[in-house]
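Hello,

Here is the structure for you to look over. My notes follow below it.

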Amino acid sequence: MPLAFKTRLLLLSVMAAAYWALIFTLTHVPLSFPGPVGSLDKLQHGSAFFGLAVLLCSAYGAWRPHDTLGYIWVFIAIAAYGAIDEITQGFVPYRYPDFFDWLADVGGAAVGVGLMFLVAAFWPARAAAAAAVASADVKTR
């Protein structure tokens with residue numbers, strides 16, 4: 001594997017893991033807001049999971065370019081994590097599970113995964129470079 005490929009894969013993987021840990025931590029900190037939470041709550045959920053989807057798809061795309069099924073598995077993993085995240089919030093003071101928060105999570109993930117799928121499918125320079133790296137890796141084995 002070329003060094004640049006390994007570096008990019010490692011960097012994207014570390015960024016995705018750090019971001020995932022950050023949103024997990026933030027959703028499990030006991031916070032109490034004065035009054036009802038505004039409508040921005042769903043936008044925050046969708047945005048957070050959009051970011052997670054983009055980072056995970058970027059890391060996955062660096063590892064396995066042009067694998068359509070992989071994007072579906074990334075989406076399924078994020079949707080499952082969103083459900084687990086919402087359920088475990090019930091154990092944190094001042095937090096509660098909300099089905100509509102999970103729907104916002106899944107919506108953000110769907111938009112992120114869909115966007116990254118389109119980028120991978122229709123950005124020829126990225127696709128050609130990824131294919132070259134993948135074929136170089138196969139030839140060196």
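Which residue forms a salt bridge with Asp101? Lys42 does, with the closest N and O atoms 2.5 Å apart. The pair links distant parts of the chain: Asp101 sits in helix α4 and Lys42 in helix α2, 59 residues apart. Asp101 counts as buried, at 5% relative accessibility.

Some background. This is a predicted model: local features need pLDDT of at least 70, side-chain atom pairs count only at pLDDT 80 or more, and totals for chains, interfaces and linings use all residues. Residues are numbered from 1 along each chain as its sequence is written, and side-chain values use heavy atoms, leaving out hydrogens and water.

Terms, briefly:
- Salt bridge: a side-chain nitrogen of Lys or Arg within 4 Å of a carboxyl oxygen of Asp or Glu.
- Buried: under 20% relative accessible area; exposed: over 50%; partly exposed: in between (1.4 Å probe, protein chains only).
- Helices: DSSP runs of H or I, at least four residues, numbered from the N terminus.

The whole structure has 3 salt bridges. Lys42 also pairs with Asp98, at 3.1 Å between the closest N and O atoms. Here Lys42 is in helix α2 (residues 40-63), and Asp98 is in the loop between α3 and α4 (99-122), 56 residues apart. Asp98 is buried, at 16%. Lys42 bridges Asp41 too, at 3.0 Å between the closest N and O atoms. Asp41 is buried at 17%; Lys42 is partly exposed at 32%. Shared partners join Asp41, Lys42, Asp98 and Asp101 into one salt-bridge network.

Elsewhere, Trp73 lies in helix α3 (residues 68-88). Trp73 is exposed, with a relative accessible area of 52%.

Best wishes

Conventions. Helices (H or I, at least four residues) and strands (E, at least two) are DSSP runs, numbered from the N terminus.
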